[in-house]
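Reader: I have a chain open here and would like to go through it. Can you help me read it?

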Amino acid sequence: MNIIDFSKTNSLLNSFVREIRDISIQNDRLRFRRNLERIGEIMAYEISKSLRYKTISVTTPLDVAEISIPDEEVVIATILRAGLPYHHGVLNYFDCAGNAFVSAYRKYKETGHQSFDIHIEYIASPRIDGKTLILTDPMLATGSSMELTYRALLTKGTPRNIHIASIIASQQAVDYCKRHFPEEITTLWVAAIDPELNESSYIVPGIGDAGDLAYGEKE
Ligand SMILES: O=P(O)(O)OC[C@H]1O[C@H](OP(=O)(O)OP(=O)(O)O)[C@H](O)[C@@H]1O
Ligand SMILES: O=c1cc[nH]c(=O)[nH]1
Ligand SMILES: [Mg+2]
């Protein structure tokens with residue numbers, strides 16, 4: 001699996017990541033959602049550089065110009081809830097892409113927040129056979145939601161290429177994805193890789209709960 005970690009490169013992306021991490025800025029929900037969207041836009045642009053291209057002719061008012069445009073059918077998939085603003089950012093650039101939505105949530109066991117299963121209850125997706133699948137979720141903590149979402153989407157066909165576009169990943173999730181996604185066709189794009197998970201499987205230092213920061217606490 002190819003891994004692209006943008007924290008190793010100086011760019012404006014780091015300023016947006018700083019804002020979603022910073023406890024004194026991240027609670028402005030509108031800014032938080034917009035930052036997820038902005039990071040999605042940058043990720044889309046970076047991913048676009050790795051696609052296959054074809055040359056077409058475009059008729060201008062004065063003559064004909066040749067231009068290279070992507071030659072892959074893209075499907076952007078996201079995981080509710082926190083993935084929504086991020087998905088929207090990716091879709092702003094891949095504006096003709098197909099879209100898939102999957103619900104995955106942590107169902108905590110009676111023993112408390114240390115132990116949970118991931119439940120998938122909803123999937124809406126086009127066929128993905130032979131297409132380029134971009135899986136978007138800002139947080140990759142254990143990696144389980146991402147893997148189960150991928151497995152759920154395989155009921156809609158087999159993609160030709162897979163891009164896992166996350167923002168903050170734990171090292172554990174990176175290792176998990178290496179083991180559970182097809183090596184040859186998967187690229188992982190992240191804005192940062194954090195070293196740890198806490199006892200509730202939250203990424204440390206991370207950002208906290210991305211879904212709650214975007215949309216408020218749930219019951
Ligand atoms: O890698 P994992 O350990 O599976 O955790 C990552 C998942 O956790 C977050 O969603 P969450 O369950 O908090 O749902 P929410 O977006 O509705 O808050 C995040 O957006 C991922 O989907
Ligand atoms: O750190 C984490 C882990 C899971 N979900 C989040 O929103 N944040
Ligand atoms: Mg959450």
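Reader: How many helices and strands does the chain have?
Author: The chain has six helices and 14 strands. Helices (H or I, at least four residues) and strands (E, at least two) are DSSP runs, numbered from the N terminus. This is a predicted model, in which local features need pLDDT of at least 70, side-chain atom pairs count only at pLDDT 80 or more, and totals for chains, interfaces and linings use all residues. Residues are numbered from 1 along each chain as its sequence is written, with chains lettered from A and ligands numbered from 1 in the order in which they are written.

Reader: OK. Which strands form the open sheet, and in what order?
Author: Seven strands make it up, in the order β1-β11-β9-β7-β4-β5-β6, with mixed pairing. Two strands pair if DSSP finds at least two bridges between them.

Reader: Which strands stand at the edges?
Author: β1 (2–5) and β6 (112–124) do; each has a single partner strand, so one side of each is left without a neighbour in the sheet.

Reader: How many bridges join β9 to β11?
Author: Four bridges join β9 (residues 161–165) to β11 (residues 186–190), and the two run parallel. I162 stands opposite T186 in β11.

Reader: Which strands does helix α4 lie across?
Author: Helix α4 (residues 144–153) lies across β4 (74–80), β5 (98–109), β6, β7 (132–136) and β9, and runs at about 25° to β6. Axes are lines fitted to C-alpha atoms, for helices over the stretch in contact, and angles run from 0 to 180 degrees between N-to-C directions.

Reader: New topic. How many residues are in the largest nonpolar core?
Author: It has 54 residues, and those with the most contacts inside it are I76, A77, V90, I134 and L135. Its largest share, six residues, comes from helix α2 (residues 29–48). Such a core is a set of buried Ala, Val, Leu, Ile, Met, Phe, Trp, Tyr and Cys residues joined through C-beta atoms within 7 Å.

Reader: And what counts as buried or exposed?
Author: A residue is buried if 20 or more other C-beta atoms lie within 10 Å of its own, exposed if 12 or fewer, and partly exposed in between, with C-beta atoms placed from the backbone. Buried residues make up 37% of the 219 residues in the chain.

Reader: What does L135 touch?
Author: Not counting residues up to four places away in sequence, L135 touches A77, M146, T149, Y150, I162, H163, I164 and A165. Contact requires C-beta atoms, placed from the backbone, within 7 Å.

Reader: Last one: what box do the C-alpha atoms fill?
Author: Roughly 70 × 40 × 30 Å, taken along the principal axes.

Notes. Contact = placed C-beta atoms within 7 Å.
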